[in-house]
Amino acid sequence: MRITLTEEKADNIAKLCSRLILKKEITIREFAQVIGKLVATQPGVQFAPLYIKSLEITKDILLKCHYGNFDAKMILSDDNISDLNWWVNNVKSSFNPINQKDPDFILKTDSSSKGWGAVVQDTLLETKGFWSYEEQKNHINFLELKAVLLALKWFCSSREKIHIQVYVDNMVALNYINKMGGRILKLNTLTKELWNWCINRKIWSDWEDTAKSRQGQSRHDVSCTVMEHPKLVSTDITLDSGRFIYDKQPEKSTLSTSKSDNRTSHSEIKISSFQDIGQLFQSYGLSKEASDIIASS
């Protein structure tokens, strides 16, 4: 089953957008009125938010520049025109499905300020990598979103017409993906890129909070990954199997996947109490007082 707009409604939306595109100059009020009409179509247009959020960002910026004056004049940007053209070309054929088939597989992603990783549940398939110096300057919300995009590209670049369930542990990234965008331009642009990549391959993804996959797990389970880098050491919390994993990376940071070489060495240290965690931190040179504070936090 699916929901669609009436033929009259769809035709009206297409005409409104066409008229707006043809005008050399419009008021912010006219622009806002069309956006309102587009928002009202969302129940019957599956990907409507992808082509509304950018318009809303433009409206917000212009209103701020003109101190809330809706009668101020504006000129549509190329991006605005591109979004409006999507409505002209697609609104009549758009619909919103009520049900989706069961997922073909489950993907879990995570990111820190230093790197990212992803695994396919119930398989040995995994991938991970490090952020470049420039990428590390981005906010963690952006990095979490980019980790999802990279994971999808790695596992699904040669696949299409599949249903994937993706678990993400960052609520901002989760909301941006589920709502197909938001009011922060950089995050919205990346979200749009992610969704368009999926749409072009007819991939549908359900996005969930990672916490839902941990139901019944003790909140006191501890699992961290300590990654040793030539110039820095970062500690990233992940919920895996209750172990401390010391992962000594090669001197050069390169993309590492299940297909990569075996230069990376791993040693696993069982953790049975917070005292063990404190002792482990002391072995890395931290004072007992600092180790106790970290272990109890």
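**Figure 1. Y51 and W86 are both buried in this predicted model.** The two residues form an aromatic pair of the stacked kind, with 4.1 Å from centre to centre and 5° between the planes. Stacked is the term for planes under 30 degrees apart. Y51 belongs to the loop between α2 and α3, whereas W86 belongs to helix α4 (residues 78-90). The pair thus links distant parts of the chain, 35 residues apart.

**Figure 2. F47 and W204 form a tilted aromatic pair.** A search of the whole structure finds five aromatic pairs. In the pair shown here, the ring centres of F47 and W204 are 6.4 Å apart and the planes stand at 55°, so the pair is tilted. F47 is found in the loop between α2 (28-39) and α3 (53-65), and W204 is found in strand β9 (residues 204-209), so the pair ties together parts that are 157 residues apart in sequence. F47 and W204 are both buried.

**Figure 3. F47, W195 and W204 make up an aromatic cluster.** The three residues are linked into this cluster by ring pairs. Two of its members, F47 and W204, are buried.

**Figure 4. The charged end of R2 sits over the ring of F95.** The distance from this charged end to the centre of the F95 ring is 4.2 Å.

**Figure 5. K108 lies over the face of Y167.** Here, K108 is placed at 5.7 Å from the ring centre of Y167. For a charge to count as sitting over a ring, NZ of Lys or CZ of Arg must be within 6 Å of the ring centre and within 35 degrees of the ring normal.

Notes: Residues numbered from 1 in each chain as written. Predicted model: local features only at pLDDT ≥ 70, side-chain atom pairs only at ≥ 80, totals over all residues. Heavy atoms only, no water. Phe/Tyr/Trp six-rings, centres within 6.5 Å; stacked < 30°, edge-to-face > 60°. Helix = DSSP H or I, 4+ residues; strand = E, 2+ residues; numbered from the N terminus. Buried < 20%, exposed > 50% of the residue type's maximum accessible area, 1.4 Å probe, protein only.
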